[in-house]
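Please read it beside the sequence and the model.

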Amino acid sequence: MREIWKDPTAHAELIAIREAARQTGGWRLTGCTLYVTLEPCPMCAGSIILSRVDHVVIGAMDPKGGAVGSKLNIVETDEFNHRPDVTTGVLADECSMMLREFFRGLRKRK
């Protein structure tokens, strides 16, 4: 969506968090689980903390820019007042393959 909307903040996590807040009628998403194909970046990890998402399920880790265990681990610090539970590696191979194919297709279209 970053490319379509020309918006650097249009990450899937932020879009999902915004929609969940709209649907629930509040910004606190306690009781919610966020499922992501790729490990969240620092911006998205911060949004997960701020929105009080209880659980994050991650497919593939992102060694280049991940902030939930790879490069950084923003969500598992005691410095913030909320700490979601995190599950990693769920369908990791399938998620990695899907992402590779998606970005390969983008490069071909350009």
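Contact here means heavy atoms within 4.5 Å. By that rule, Ser 47 touches Leu 14 and Ile 17, not counting residues up to four places away in sequence. This is a predicted model, in which local features need pLDDT of at least 70 and side-chain atom pairs count only at pLDDT 80 or more, while totals for chains, interfaces and linings use all residues. Residues are numbered from 1 along each chain as its sequence is written, and side-chain values use heavy atoms, with hydrogens and water left out.

**Strands and their pairing**

- Helices (H or I, at least four residues) and strands (E, at least two) are DSSP runs, numbered from the N terminus.
- Two strands pair if DSSP finds at least two bridges between them.
- Strand 1 (residues 33-38) pairs with strand 2 (residues 55-60) in the parallel sense, over 5 bridges.
- Thr 33 stands opposite His 55 in strand 2, and the partner of Val 36 in strand 2 is Ile 58.
- Strand 2 also pairs in the parallel sense with strand 3 (residues 85-87), over 3 bridges.
- On that side, His 55 stands opposite Asp 85 in strand 3.
- Strand 2 is largely enclosed by the rest of the structure, because 5 of its 6 residues are buried. Buried means under 20% relative accessible area, exposed means over 50%, and partly exposed lies in between (1.4 Å probe, protein chains only).

**Helix 3**

- A right-handed β-α-β unit is made by strand 1, helix 3 and strand 2. A crossover is right-handed if, with the strands pointing away from the viewer, the path from the first strand over the helix to the second runs clockwise.
- The buried residues of helix 3 are Cys 44, Ala 45, Ser 47, Ile 48, Ile 49 and Ser 51.
- These buried residues pack against helix 2, strand 1 and strand 2.
- Ser 47 lies in this helix, which spans residues 42-51, and counts as buried because its relative accessibility is 18%.

**Cysteines**

- The structure holds 0 disulfides, a disulfide being a pair of cysteine sulfur atoms within 2.5 Å.
- A disulfide is a covalent bond between the sulfur atoms of two cysteines.
- Cys 44 is buried, at a relative accessible area of 0%.
- For Cys 95, the closest cysteine sulfur is in Cys 44, and at 16 Å it is too far for a bond.
- Cys 95 counts as buried, at 10% relative accessibility.

**The loop between helix 1 and helix 2**

- His 11 is found in the loop between helix 1 (2-5) and helix 2 (12-24).
- His 11 counts as buried, at 16% relative accessibility.
- Not counting residues up to four places away in sequence, His 11 touches Arg 2, Cys 41, Met 43 and Cys 44.
- Asp 7 lies in the loop between helix 1 and helix 2 and is partly exposed, with a relative accessible area of 25%.
- The C-alpha atoms of Asp 7 and Lys 108 are separated by 22 Å, with the two residues 101 apart along the chain.

**The largest pocket**

- The largest pocket has a volume of about 1,200 Å³.
- Of the 32 residues that line the largest pocket, the closest to its centre are Arg 2, Leu 38, Leu 99, Phe 102 and Phe 103.
- Helix 1, helix 2, strand 1 and helix 4 (92-109) are the elements that give two or more residues to this lining.
- Helix 4 gives the most to the lining, with 8 residues.
- On a 1 Å grid over the protein atoms alone, a pocket is an open set of points where a 1.4 Å probe fits, with protein on both sides within 12 Å along at least five of seven lines; lining residues have an atom within 4 Å of a point.
- Grid points are joined across faces, edges and corners, and a volume is the space filled by probe spheres set on the points.

**Positive phi angles**

- Most residues other than glycine have a negative phi.
- Arg 52, which follows helix 3, has a positive phi near 65°.
- Arg 52 lies in the loop between helix 3 and strand 2 and counts as buried, at 19% relative accessibility.
- Leu 91 has a positive phi of about 55° although it is not a glycine.
- Leu 91 is found in the loop between strand 3 and helix 4 and is exposed, with a relative accessible area of 53%.
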